[in-house]
Amino acid sequence: MKTIVASYNITPNQPTPKDPLWLSDSDQIGVLGHVSILYIYRSAKEHNNNTVERMKNSLSKLLSYYYPVAGRLRLSKSGRMELDCNAKGVTLLEAETTNTFVDYGDDFSPSEFTDELIPKLDDTQQPIEEIPLLLVQLTRFHSGGDCEGLAIGVLLSHPLTDATGIIDFMNRWAKLSRGEELDPNEIPFLDRTLLKFPDIWLEKPREVNTREISKLDTSTLQHIPTSKLLDQWKKPVVPQTPEDDGIDKPKKRSGAMLKLTSSQVERLKNKAMANNHQSSKQGSRPNYSRFEVVAAHIWRCASKALGDDLTQVRFSVNFRNRMNPPLPHNYFGNAVANVATPEGDIISNPLGFAAHKIREASHAVTDEFVKSQLNVSRLGQVQLDNIRAFFMRQGHRVNIPYALNHNVLFLTSFTNMPVYESDFGWGKPVHFGLASRSPADRAAILPSPDGDGVIVALFFQTALMQLFKNYFYEDMYLSLL
């Protein structure tokens, strides 16, 4: 059982710029609400009464660099979102639980039990402009009167940044908490206008809705209170139902953490390269990456468990280094492109076939692709309606193309991110992962905390979970199929 001990509002420790921050299309596509991550620490001796005070002070200092995080979302006249850098602050909660590590299954896969380790937020119960963009909950586990460890549950507004930005933020907070200073190259780059591209990158003209402004430079717009904007837009936003979208009725889903050792990953790589249909075309065997083979393996296991060869994989590609010139390495914002694999023949073809499809989808994200997709006049009416519904407290919606009646598996990769570097002074986390349950089939590929291989954090249909697990560990030892 969890008890909230204290709640703090943390603001930057020095004055910060007040100008509104323009958000790119990439910041406003997809999830508009908060996303969650969870860190678990197994330690007792280093926790004391100064722990929370140290975290409060270091967070306040960090917010002077990441000052947009202390702001609020608001609507611009065009119907796009922007960041109001008003320094109202973020929320830090101090909590205790009578539960022990054993109560969470020791793997902390998303469940109703892990829900208590992240801050509670219902963005339909208060104006969006008043909701903190960051909420953090520090929870102590108690066992026999001693502190068994700590959990840090994080809720961060997705329009602020992507996974890369979240991990950087947490690692730099931890560094300040240890009493160290940030290096110059660790100061975040906050200007999103690097992703504001001219019309020349539009492949063909698009009809602009009357709600959209004629001028593309939204930074010159005078802010109008959101309440007045919503009063002007009389057309009601009708919440989409499963019948409207062609989405099947929700199925019960559960979580699992599946380990692949380094030797097992190498086995998958060798299997993918053997008898690959691209070998004869290219004259040599492709050297697939860890992500490509693990993603392909997950895809095939899901397809087999679902009994559906039309299962599609959707994942995000970090394009910071794919731009010409590349974005600054410390760019803080959403710099990802959402891609999808083509369908068909995943079950009957070897692993290399699926790995090649993953590679094709990823490699399609080029500088030209990004510039053609992210344009200040291309945020579609559907997403503008979703933004309006979000600010009208109807919740956030993500458009998922189920119209073709195929299954979709959402995939996230943290394999190249330093997710275990968030040492606040009591050691590195023993667990990092997603904290929230998903309404769809989803998998996250994480580096293993012991450095040996990867962890696949899976959220899948409960009725098919055991079947997926069987395929997951048996298929890699079958011959070439």
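**Asking how we know**

Modeller: Let's start with P449, which is found in the loop between β14 and β15. Keep in mind that this is a predicted model.

Biologist: Okay, what makes P449 count as partly exposed?

Modeller: Its relative accessibility is 45%. Buried means under 20% and exposed means over 50%, so P449, at 45%, falls in between and counts as partly exposed.

Biologist: Which residues is P449 in contact with, leaving aside its neighbours within four places in sequence?

Modeller: They are Y420, V430 and I455. Take V430: P449 and V430 are 19 residues apart in sequence, and their C-alphas are 6.1 Å apart in space.

Biologist: How many salt bridges does a search of the whole structure find?

Modeller: It finds 20. In one of them, the side chains of D27 and R192 meet at 2.9 Å, N to O. This pair links distant parts of the chain, 165 residues apart: D27 is in helix α1 (residues 25–28), and R192 is in the loop between α3 (163–177) and α4 (226–232).

Biologist: Why are D27 and R192 called buried?

Modeller: The relative accessible area of D27 is 0%, and R192 sits at 1%. Both values are under 20%, so both residues count as buried.

Biologist: What makes K175 and E186 a salt bridge?

Modeller: Their side chains meet at 2.9 Å, N to O, which is within 4 Å, so the pair qualifies. K175 is in helix α3 and E186 in the loop between α3 and α4, 11 residues apart. K175 also has 12% relative accessibility, so with a buried cut-off of under 20% it counts as buried. Setting aside neighbours within four places in sequence, K175 is in contact with E180, E181, L182, D183 and E186.

Biologist: Why is T16 called buried?

Modeller: Its relative accessible area is 11%, which is under 20%, so T16 is buried. T16 lies in the loop between β1 (2–10) and β2 (21–22). Not counting residues up to four places away in sequence, T16 touches L63, S64, Y67 and A87.

Biologist: And what makes helix α11 (residues 381–391) largely enclosed by the rest of the structure?

Modeller: You count its buried residues. In α11, 9 of the 11 are buried, so the rest of the structure largely encloses the helix. Among them are L384, I387, F390 and F391. Just after α11, R393 takes a positive phi of about 65 degrees.

Biologist: What classes of residue line the largest cavity?

Modeller: There are 7 nonpolar, 1 polar and 1 charged residues. Ser counts as polar and Arg as charged, so S436 is the polar one and R442 the charged one.

Biologist: Last one, for the whole protein chain: what percentage of its 481 residues count as buried?

Modeller: That's 55%. The chain also has 12 helices and 15 strands, and it exposes about 21,200 Å², with carbon and sulfur atoms supplying 51% of that.

How values were computed:
Residues are numbered from 1 along each chain as its sequence is written. This is a predicted model: local features need pLDDT of at least 70, side-chain atom pairs count only at pLDDT 80 or more; totals for chains, interfaces and linings use all residues. Side-chain values use heavy atoms; hydrogens and water are left out. Helices (H or I, at least four residues) and strands (E, at least two) are DSSP runs, numbered from the N terminus. Buried means under 20% relative accessible area, exposed over 50%, partly exposed in between (1.4 Å probe, protein chains only). Accessible areas come from the Shrake-Rupley method with a 1.4 Å probe; for residues, only the protein chains shown count as cover. On a 1 Å grid over the protein atoms alone, a cavity is a set of points where a 1.4 Å probe fits but cannot get out, and a pocket is an open set with protein on both sides within 12 Å along at least five of seven lines; lining residues have an atom within 4 Å of a point. Contact means heavy atoms within 4.5 Å.
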